[in-house]
Amino acid sequence: MNMRIDRCIRTVAVFTLAAALVLPAWAAPDDVDKTVVKASQTMPASAERLTAKRLTSPDQLKTIRPGQKGVYGVYVEGPVSTSRKVIGSLAGRKIVAIDTPVKVSGMGKYMGMDPKGNIWYVETREDKVIKINPENYEMTTYYVPKGAAPYSVTVDNDNVVWATAHGIEMLLELHPDEGYAIAHQPPSHGFLIHINVDRKTNIVWFTQPGNNQVVSYRTDLGFKEYPSPTKQSGPGRLDFDAKGNVWFPELYTDKLARLNPATGEIKEWDIPSKNALPAGVRIDPVDDGIWVNEPMADALALFKGEAWV
């Protein structure tokens with residue numbers, strides 16, 4: 001659970017039956033074009049969106065394959081309560097273990113929080129996106145198309161839930177209240193996984209470590225690709241500072257990178273530890289300190305003012 005969620009709710013939820021996914025060390029080809037690429041808008045026509053209906057049975061769910069963009073109906077189940085128990089405390093907050101509502105849990109990476117304070121996560125194995133009410137721990141399950149394998153999730157200012165569809169390398173746009181999802185095809189493939197949204201601009205961002213780039217998506221303009229200047233660097237989980245810069249670690253080259261979306265410029269710094277496999281960053285909203293995890297070095301690193309603290 002990230003820093004923003006920790007500061008907004010009084011309890012910390014620990015979910016059982018979780019399964020980890022391993023990131024393969026895919027590498028981008030040496031001849032990657034080092035320019036910013038903008039794809040055309042990929043939003044479906046208004047008529048297609050208006051005809052999308054919430055499904056009445058999970059049997060109605062369609063199977064999605066790579067490249068099959070468009071609008072899909074979603075089946076909604078719940079809310080339901082599952083068993084839970086307090087297992088400890090941390091900084092004066094209760095730690096609550098909550099059972100998932102699925103049969104074979106296979107959680108994706110990270111959670112998201114919507115503007116109403118609800119917590120969202122994904123069940124990759126069962127093609128489900130789940131909403132948690134932090135007041136009563138009730139869970140509502142949204143069945144997305146079969147084969148999507150949602151991996152990471154975020155929520156924008158309009159309560160639209162965005163997820164990377166790991167199984168098909170596509171971007172999912174879930175409208176939970178309306179009961180439909182839109183599948184968007186990025187311009188290129190590259191192991192689409194980690195996702196976040198800049199709440200100041202409502203722009204969706206994700207990384208493609210297999211294609212060595214960071215990608216943005218706007219509903220009015222479509223996709224933009226920002227290749228990393230270092231070959232085979234493997235961009236990881238990203239976050240945003242107060243100025244709108246995008247920060248991300250480079251998994252395979254032990255670097256921290258900053259992208260200026262206005263210019264497309266990317267600047268890199270070596271992290272303190274070698275062979276640390278830095279997987280993600282989180283930015284303190286109070287002082288803009290950039291925290292970088294170094295799992296193979298068993299450490300956290302703090303970057304402020306273009307220097308390591």
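Reader: What makes D270 and K255 a salt bridge?

Author: This is a predicted model, and in it the side chains of D270 and K255 meet at 2.9 Å, N to O. The cut-off is 4 Å between a Lys or Arg nitrogen and an Asp or Glu carboxyl oxygen. The 2.9 Å of D270 and K255 falls within 4 Å, so the pair counts as a salt bridge.

Reader: Which parts of the chain does the pair tie together?

Author: D270 lies in strand β22, residues 266-270. K255 lies in strand β21, residues 255-259. The pair therefore ties together parts that are 15 residues apart in sequence.

Reader: Why is K255 called buried?

Author: K255 has 18% relative accessibility. Buried means under 20%, so K255 counts as buried.

Reader: And D270, what is it called?

Author: D270 has a relative accessible area of 44%. That lies between 20% and 50%, so D270 is partly exposed.

Reader: What about D220 and R218?

Author: Their side chains meet at 2.6 Å, N to O, which is a salt bridge. D220 has 39% relative accessibility and counts as partly exposed. R218 is also partly exposed, at 33%.

Reader: What makes W247 and W269 a stacked pair?

Author: Their ring centres are 5.6 Å apart and their planes stand at 20°. Rings pair if their centres lie within 6.5 Å, and planes under 30 degrees apart count as stacked. Both conditions hold for W247 and W269, so the pair is stacked. W247 is in strand β20, residues 246-250, and W269 is in strand β22. The two are 22 residues apart. Both W247 and W269 are buried.

Reader: How many aromatic pairs does the structure hold?

Author: It holds ten. Ring pairs also link W162, F206, Y217 and F223 into a cluster.

Reader: Why is strand β16 called largely enclosed?

Author: β16 covers residues 203-208, and six of the six are buried. The strand is therefore largely enclosed by the rest of the structure. I203, W205 and T207 point one way from β16. V204, F206 and Q208 point the other way.

Reader: How do you know that β16 pairs with β15 and with β17?

Author: Pairing needs at least two bridges. Four bridges join β15, residues 195-198, to β16. Five bridges join β16 to β17, residues 213-218. Each count reaches two, so β16 pairs with β15 and with β17. Both pairings run antiparallel. In β16, V204 is the bridge partner of V197. In β17, S216 is the bridge partner of W205.

Reader: What is found in the two hairpins?

Author: β15 and β16 form a hairpin with four residues between them. N202 in that turn has a positive phi of about 65°. The hairpin of β16 and β17 has four residues between the strands, and N212 takes a positive phi near 60°.

Reader: What makes β4 and β7 edge strands?

Author: Five strands form an open sheet in the order β4-β10-β9-β8-β7, with antiparallel pairing. β4 (75-80) and β7 (112-113) each have a single partner strand, so one side of each is left without a neighbour in the sheet. β7 and β8 pair over two bridges. M113 stands opposite I119 in β8.

Reader: Which residues have the most contacts inside the largest nonpolar core?

Author: They are I64, W120, V129, Y142, V161, L172 and L174, in a core of 21 residues. β8, β11, β12, β13 and β14 each supply at least two residues of this core. Apart from it lies another core, of twelve residues, among them V102, M113, I132 and Y137.

Reader: Why should part of the model not be read in detail?

Author: Where pLDDT is low, the predicted coordinates should not be read in detail. Over residues 1-42, pLDDT stays under 50. The mean for the chain is 85, and 83% of its residues reach 70 or more.

Conventions
Residues are numbered from 1 along each chain as its sequence is written. This is a predicted model: local features need pLDDT of at least 70, side-chain atom pairs count only at pLDDT 80 or more; totals for chains, interfaces and linings use all residues. Side-chain values use heavy atoms; hydrogens and water are left out. Buried means under 20% relative accessible area, exposed over 50%, partly exposed in between (1.4 Å probe, protein chains only). A nonpolar core is a set of buried Ala, Val, Leu, Ile, Met, Phe, Trp, Tyr and Cys residues joined through side-chain atoms within 4.5 Å. Rings of Phe, Tyr and Trp (its six-membered ring) pair if their centres lie within 6.5 Å; planes under 30 degrees apart count as stacked, over 60 as edge-to-face and the rest as tilted. pLDDT is the predictor's confidence in each residue, from 0 to 100. Contact means heavy atoms within 4.5 Å.
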